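Student: Can we go through this model together? I'd like to start with a side-chain pair and then look at helix packing.

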Amino acid sequence: MKKYIYSSLLLAGLLTGCGEDFLELPPEDSLSQAIFFETQSDFEQAINATYAPLRDLYSDAYIMGEMRSDNTHYRHNPNYRAVQSEENVANFLVQSPNAFVETKYDNNYLIIARANQILAEIDAVEFDDPGVKSNVIGQALFLRAHSYFDLARYYGSVPLHLTPVTNREEAALPLSSRSEILAQVVSDLDEAIGLLPVKANQEAGRATRGSAQMLLANLYMVEENWSAASSLLTDLVNSGQYNLLGDYASVFDINNKNNAESIFEVQYLEGTEGFASSFMYEWLPMPLTADQVAQISGVSNSQAATIEGFNIPTPDYIQSREASDARTSVNLDSIELEGTFYPYIKKFWQPHSNPGLTGVNWPVYRYAEALLFLAEALNEQGQPGQAEQYLNAVRDRAGLGPITGVDQATMRQAILDERRSELAFENKRWLDLVRTGNAQQVMSDFGARVKANPEAYYYPPGIAPPPASFTTIAETFPLPASEALLNPNF
């Protein structure tokens, strides 16, 4: 169903309510704002609803965050052609309308609308526990900041809504510049850091002080404010709230959700209620028979997968691995199809009972990334020696030797390479290429390789990407066409 941003903003007044925790049973009923925002419980239910769109936001995030990069591509299926939207993102041929470009935009504004409604109403209501009130405000600020940061990175200039929208005219704001959007993100996160509890004192799965510090540090990394980033990250690292797990595979263990390495992750719940994750099923090198799907998924009653396989690891990524990297066997596996072995992403496959209904969470931020960000921030301040301990902590867990005594340029590349290895398929690679100024060169070269040898990139014999693919490496996406029709300021 087509969704428009003014609808998302207006629907903020119809926040869902439920007495259960959002991790166990997300809200199902709807109440109007006129009678809803009266008690502490109402706001606790409302903040639950503000998290809910994250599940949809991250289910398809790989299309714009990973397939846009040289880490993954798609396995072209000439017998199933209802996939142009995904292919166009990967091939740098995006034009609006594009379903995934519009869906990301809509889900972010739905989160913003719900957060705005909470922030507008909460001061007028007395809470039984003032600490809960501060916690709810902090979470709402964090979620609004998260969505605006996502919008700024992927679209650039977007409308800046900070209050609830009550009519269609209020929804049609002019575009705010990227710098204005990011300034608001900083303001929201500065306030959230002072309100949110540390991880040990927060309910699992919710935003914490560390979550807000990490998000703000990420923004400073994008803006190359190295000093501010390193200060935040040092506080986070020294907080005693986070640790690297002993082995990489444990990070993704279904029985180890929200573990000591987790700074923020999106919560999914296995089952038929509509809150399960299924993204890894879309990453199969389709078409596959039911038996082949079962071989990968471990679910005996699996169905055949006959559309097109997305997020398939590229030869470029596979060849970039260091030979002794213990993460490779966790991240990757392969399956033989018609005499050819095709790779697929393994790290998110976890035991589950029903096809396409898993409880696997999505890791938005992990402590390993905080260490790599801190290494990068220190290196960019001319301290490659100080960066070593943080880079090498991540490398040591992967079974790799330390990097020592190198200059700033060598350390810079080592950190970028390590991010590619450690954070593989977590939607970081494209954003890293953009923020480090490498997107144009890396993706132009990648496109040339795909065109020169399409069979190596999972195209059938005689089929290649469209000639115009990779000719313009756009670093942001067009604003949704549906919004331009509704907003005269676009």
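**Salt bridge and helix packing**

Tutor: Asp188 and Arg144 form a salt bridge through their side chains, 2.9 Å from N to O. The term means a side-chain nitrogen of Lys or Arg within 4 Å of a carboxyl oxygen of Asp or Glu. This is a predicted model, in which local features need pLDDT of at least 70 and side-chain atom pairs count only at pLDDT 80 or more, while totals for chains, interfaces and linings use all residues. Residues are numbered from 1 along each chain as its sequence is written, and side-chain values use heavy atoms, with hydrogens and water left out.

Student: Which helices do Asp188 and Arg144 lie in?

Tutor: Asp188 is in helix α10 (residues 178–195) and Arg144 is in helix α8, so the pair ties together parts 44 residues apart in sequence. Helices here are DSSP runs of H or I with at least four residues, strands are runs of E with at least two, and both are numbered from the N terminus.

Student: How many salt bridges does that rule give?

Tutor: The count is 26.

Student: OK, packing. At what angle do α8 and α11 pack?

Tutor: Helix α8 (residues 130–155) and helix α11 (residues 209–222) pack at about 25°, and their axes are 11 Å apart. That makes α8 roughly parallel to α11. Angles under 35 degrees count as roughly parallel, over 145 as roughly antiparallel, 65 to 115 as roughly perpendicular and the rest as oblique. Axes are lines fitted to C-alpha atoms, for helices over the stretch in contact, and angles run from 0 to 180 degrees between N-to-C directions.

Student: And which residues of α8 and α11 make the contact?

Tutor: From α8, Phe142, Ala145, His146, Phe149 and Arg153; from α11, Ser211, Ala212, Leu215, Asn218, Leu219 and Val222. Contact means heavy atoms within 4.5 Å. By class, the residues of this α8 contact with α11 are seven nonpolar, three polar and one charged. Nonpolar covers Ala, Val, Leu, Ile, Met, Phe, Trp, Tyr, Cys and Pro, charged covers Asp, Glu, Lys and Arg, and the others, Gly among them, are polar.

Student: How do α10 and α11 cross?

Tutor: Their axes come within 9 Å and cross at roughly 155°. That makes α10 roughly antiparallel to α11. Among the residues in the contact are Leu182, Val185 and Leu189 of α10 and Leu215, Leu216 and Leu219 of α11. The contact of α10 with α11 divides into 12 nonpolar, one polar and three charged residues.

Student: What about α11 with α17?

Tutor: α11 and helix α17 (residues 367–380) pack at about 35°, with axes 11 Å apart. Met214, Asn218 and Met221 in α11 meet Glu369, Ala370, Phe373, Glu376 and Ala377 in α17. That contact has five nonpolar, one polar and two charged residues.

Student: Switching to the backbone: where is the cis peptide bond?

Tutor: Between Met286 and Pro287, with omega about 0°. Pro287 sits in the loop between β6 (262–266) and α14 (290–297).

Student: And which residue other than glycine has a positive phi?

Tutor: Asn258 has phi near 55°. Asn258 is in the loop between α13 (248–251) and β6.
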